Amino acid sequence: MTHFDALETRSQDAREADQLAQLRVQLARVGLPAVNSLSDLVKLPVLRKADLSARQKANPPLGGIPTQNITHIFQSPGPIYEPCGNSHDWWRMGRFVHACGIGADDIVQNCFGYHLTPAGMIFDSGILAVGARVIPAGIGQTELQVRAAVDIGATAYAGTPDFLKIILDRAETMGERLKITRAAVGGGALFPSLRQEYADRGIQTLQCYATADLGNIAYESAAMEGMILDEGVIVEIVRPGTGDPVEPGEVGEVVVTTLNPDYPLIRFATGDLSALMEGTSPCGRTNARIKGWMGRADQTTKIKGMFVRPEQVAAFVAAHEEVARARVIATRKGEMDEMTVRVETRASNPALYEGSILETLKLRGKVELVPPGSLPNDGLVIEDLRKYD
């Protein structure tokens, strides 16, 4: 199978040079300082959803972003408003749809919502980018979905991972057999057992990682070894609560810079956890890969009536050169909250950190010292072990 375009198989040096050139234009467009390399992005502030929402409220509808190339404006919880332009494959979803093996001979039943939220249009544009036709089915109305798939002859599905099973099961009860052989899914976890069930029914199912703000970020290919980064974004993995990159392979928060000139987002924090993988995909695409969605980075937790935030834990670590990482653990003893702070350090006296913990976390807690490298590589800096049932 050919690739979507030549960008997918270029050298990493060519990719980085092209992205740097686009990034410089993008930074000038939004009034941020110039950079000399992609690694200089770390010098710029991280943009969080709360910041974006505040900008939009202060300067509606899009926080001062010019709207001359914008054709649609969507709404997500917050509320946050996301634009859409009319240029070809504006959300960059065609690359993923192509990787799913969907092309000009296909009719795709698009079961993402088209109302207010942008998922339907995101996938719609990607389906059109590969020359396929779209059934704009939206969500719900399972029996009508089956009827449309049968009568129109849908050969592929786009939607959340679990809704396809609902359609397939309903088709069986109706005595209908669908022609769907490929599925492009997102918006939720594709569990291995569900992927296998679809495979047993003759459907190859691949997933992407996309957001309403950024469009496509990463996607699976038929190799199914991690998720390949999209060519139109620059992705960093940072320690939760900071903008500092973690070591390759370490779990951290996904921070994305989009190169879309219509909607420039620089170092936008997704709130999702993932990790960079070594090497490149066996499918021949040469961009870096991530492991996929691995949880949420915003681990803010209330302990003893006080919020403890990832950035506070990061501030504690930054205050001690000998501390590699730290993890706050919330538990219950009787009817009382307890806080334990596990600190990766070669020091041997827990009392060294008690004052700093009180200063940064605003709470007293038990200090446990552990050797460097012993905390799990799962991106958690705050772990809530309390039971609420």
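Modeller: Between domain 1 and domain 2, an area of about 660 Å² is buried, and carbon and sulfur atoms give 60% of it. Keep in mind that this is a predicted model.

The contact itself involves 8 residues of domain 1 and 8 residues of domain 2. The count of salt bridges between the two domains is 1. In a salt bridge, the side chain of E250 meets that of R325, at 4.0 Å from N to O. Residue pairs in polar contact between domain 1 and domain 2 number 2, with both residues at pLDDT 80 or more. Sorted by class, the side of domain 1 that touches domain 2 consists of 3 nonpolar, 3 polar and 2 charged residues.

L47 sits in the loop between α1, residues 12–30, and α2, residues 49–58. The relative accessible area of L47 is 5%, so L47 counts as buried, the cut-off being under 20%. Leaving aside residues up to four places away in sequence, L47 touches L52, R55, L265, I266, R267, F268 and A269. As for D169, L47 lies 122 residues from D169 in sequence, and their C-alpha atoms are 43 Å apart in space.

Methods
Residues are numbered from 1 along each chain as its sequence is written. This is a predicted model: local features need pLDDT of at least 70, side-chain atom pairs count only at pLDDT 80 or more; totals for chains, interfaces and linings use all residues. Side-chain values use heavy atoms; hydrogens and water are left out. Contact means heavy atoms within 4.5 Å. Buried area is the accessible area (1.4 Å probe) that two parts lose on being put together, summed over both. A polar contact is a pair of N or O atoms within 3.5 Å; within protein, one must be able to donate a hydrogen and the other to accept it, and residues adjacent in sequence count only if both atoms are side-chain atoms. Ala, Val, Leu, Ile, Met, Phe, Trp, Tyr, Cys and Pro count as nonpolar, Asp, Glu, Lys and Arg as charged, and the others, Gly among them, as polar. Helices (H or I, at least four residues) and strands (E, at least two) are DSSP runs, numbered from the N terminus. Buried means under 20% relative accessible area, exposed over 50%, partly exposed in between (1.4 Å probe, protein chains only).
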